[in-house]
2 protein chains.
Amino acid sequence: MLDFSFHNPTKIHFGTDQITQIAQEIPTDAKVLLIYGGGSIKKNGVYDQVVASLKAHQWLEFSGIEPNPSYDTLIKALPIIQDNNIDYLLAVGGGSVVDGVKFIAAAAHYEGDDAWNILAKQESVTSALPIGAVLTLPATGSESNGNSVVTRGDNKLAFSSALVKPQFAVLDPAFTLSLSERQVSNGVVDAFVHIMEQYLTYDVNAKVQDRFAEGLLQTLIEEGPKALASESKEDLEVRANIMWSATLALNGLIGAGVPQDWATHMIGHELTGLYGIDHARTLSIVLPGVMKVKQAQKRDKLLQYAKRVWQVSAATDDEIIAQGIAKTEEFFKAMGVPVRLSDVELDASDVDKIVDKLEQHGMKALGEHGDIDLATSKQILLTAL
Amino acid sequence: MLDFSFHNPTKIHFGTDQITQIAQEIPTDAKVLLIYGGGSIKKNGVYDQVVASLKAHQWLEFSGIEPNPSYDTLIKALPIIQDNNIDYLLAVGGGSVVDGVKFIAAAAHYEGDDAWNILAKQESVTSALPIGAVLTLPATGSESNGNSVVTRGDNKLAFSSALVKPQFAVLDPAFTLSLSERQVSNGVVDAFVHIMEQYLTYDVNAKVQDRFAEGLLQTLIEEGPKALASESKEDLEVRANIMWSATLALNGLIGAGVPQDWATHMIGHELTGLYGIDHARTLSIVLPGVMKVKQAQKRDKLLQYAKRVWQVSAATDDEIIAQGIAKTEEFFKAMGVPVRLSDVELDASDVDKIVDKLEQHGMKALGEHGDIDLATSKQILLTAL
């Protein structure tokens, strides 16, 4: 196990009617800005429940946060915050809303000339407004971590700060019942690949982290397809297991004390940037390629993954690994996401464009060993044709 | 999964030289009381490292906290705190020291007549001094939970408060190398039974919690005996896996959203109270009896446990369960702890005395169903002869 520091102070309220905890979690003298996305929370009743829980508070609202939240939208919240002495932000939505609120929280306390520098120049966040979150889409883990990704034009940039970790998060699996199949499948696949990025590297004898990662992967493999099947898609237990898995997939716990990869994400980001492909669907295309091309470096973990997560047994180690990769692809297909560039109508002529973008963004040493250079990324993409 | 709230704000610093983090974690203007036990930290060098990390702080020390920390000892820290305006407590030791420091932290801010009421009358803790912990014995999980057990004469009483959760905990596996075999085995068995109390109940389809519990159990089963074997007892990786398992065994995570039992602990406490048997060694005697006597109520989980933790396969479910229980006892024996009352020279004539104590302490409805009455506890103890 590698040395680590781990700190996750977000208070989780999980289950039915936990949304009423908002009333206690936010100080009653706080002036709250309720921030959400495109209005789906008004259709599914979550908005009304939030409003009911805020009846003792002074609050205003700000909506219109997009998937891949845009700087131009987020920055419009700042005069509202300033003019109304807002001192608490309540994010209601999926990972994009929570990510966007994190940027707003940091920008509201930013003392330099241009809050964009938090992203563009990676200036340290030294203060931020407190945040609470009501999660409606299990996927990114943003509800209990310090990560945020914000888009401005062609730039999709990330920052991370302990100061923007939500103070509390409400996770009610019932809120996920109104999601589309595409949102559900994207969320499950996103969480799955978050786990793989922290698991499928090299062995450091971190047994607890490995067992936890395998347990989360197995849960998503079992429950993900049930959340799409007509006979079980309304099953709250299925939704609960997915929701808790997605939070724990990226709250810092399974990644503490182990190497991490994140090459799949970095390559995937360029597919989203160039072609607008949903984030999770870029990951399901890229991950199998990473597993194949980096097989030698990831050999011990690929074997462990195939045996422990998929119960593969076969005559040779190579065969065990091949079956583990094949089962991963079958799982992604069962979740309705693409596993090849051809599934999203891209071909060999696109590969160089993607690699060019990686080069522009300085992504020349990806992976847990920093050995995924541009040529290796190209090989990964060609493997994914 | 049951509804739950989960909050664990303790910052964990794990690994080599993490003890230097103390300097940053405790405010430099704090007046610190360093609290420890019987002086083993002076022999193994931990004391010197703590002192080196406190060189920028004002600090005093208070020592002599016993295993099963006594009220009479703990209360002596209060005038030192008051006379010197101490405002931060640093616990250095095992679970007993950390438990004791939690009581001191609450008692120092107690405004009533008698701080013993925090335990005797279960008066709510409304304020406490902040606590940091340097752990030297992985076992109780006290370094990142709000639980404390304090002894006064014949009374061994517990309290729990979020306000006494340590703000940070330093976990350096090297600090555990100087423990005796008995301390190591007790620690592993204590952590193992903590997990079982939160796992071996009835199924609520909480897949993540079950997989995490199984992962921790498997890790302790693999690593525990290695920490006793001459060829591997100095292996820091083994110690690291045990240390992280013991913390996660009782930090609230695997117990969130699932039923809990704790009958083994309640019955075991009487064995410690009456006969002075080490806490962990009471658990290894009582747990197999609970597994056997409550087999019908715990059937689904006993099967899951035997199959997933021990990979048992057999012709019938009864046989699978029997093998799972037998393997648990074999593991305890391999860890050098007793599994029968006769192993600690008790016999049938002691059983009524133990049951009388349970009755005196109101322990008439134990277990996850509250159906372990005094007659059932007697049956469990007779099964453990």
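In chain B, helix α8 (residues 181-199) and helix α10 (residues 236-249) have axes that come within 9 Å and cross at roughly 40 degrees. α8(B) is therefore oblique to α10(B). The crossing of α8(B) past α10(B) is left-handed. On the α8(B) side the contact is made by G187(B), V188(B), A191(B), H194(B) and I195(B), and on the α10(B) side by I242(B), S245(B), A246(B) and A249(B). Sorted by class, this helix contact has six nonpolar and three polar residues, with no charged ones. The structure is a predicted model.

### The sheet

Twelve strands form an open sheet with mixed pairing, in the order β3(A)-β2(A)-β4(A)-β5(A)-β8(A)-β1(A)-β1(B)-β8(B)-β5(B)-β4(B)-β2(B)-β3(B). Its edge strands are β3 (58-62) of chain A and β3 (58-62) of chain B, each of which pairs on one side only. From one strand to the next, the twist averages 25 degrees.

| Strand pair | Direction | Bridges | A residue pair |
|---|---|---|---|
| β1(A) and β1(B) | antiparallel | seven | H13(A) opposite S5(B) |
| β2(A) and β4(A) | parallel | five | I35(A) with A91(A) |

Strands of a sheet pair through backbone hydrogen bonds, in a parallel or an antiparallel manner. The β1(A) pairing is made with β1 of chain B, residues 4-14. Within chain A, β2 covers residues 31-36 and β4 covers residues 88-93.

### The contact between the chains

How many residues does the contact take from chain A and from chain B? There are 32 from chain A and 32 from chain B. On chain A, β1 (4-14), α9 (207-223) and α10 (236-249) each supply at least two residues of the side that touches chain B. The largest share of that side, ten residues, comes from α9(A). By class, the side of chain A that touches chain B divides into twelve nonpolar, 13 polar and seven charged residues.

Note on methods:
Residues are numbered from 1 along each chain as its sequence is written. Chains are lettered from A and ligands numbered from 1 in the order in which they are written. This is a predicted model: local features need pLDDT of at least 70, side-chain atom pairs count only at pLDDT 80 or more; totals for chains, interfaces and linings use all residues. Two residues are in contact if their C-beta atoms, placed from the backbone, lie within 7 Å. Helices (H or I, at least four residues) and strands (E, at least two) are DSSP runs, numbered from the N terminus. Ala, Val, Leu, Ile, Met, Phe, Trp, Tyr, Cys and Pro count as nonpolar, Asp, Glu, Lys and Arg as charged, and the others, Gly among them, as polar. Two strands pair if DSSP finds at least two bridges between them. Axes are lines fitted to C-alpha atoms, for helices over the stretch in contact, and angles run from 0 to 180 degrees between N-to-C directions. Angles under 35 degrees count as roughly parallel, over 145 as roughly antiparallel, 65 to 115 as roughly perpendicular and the rest as oblique. A crossing is left-handed if the near helix is turned anticlockwise from the far one by less than a right angle, and right-handed if clockwise.
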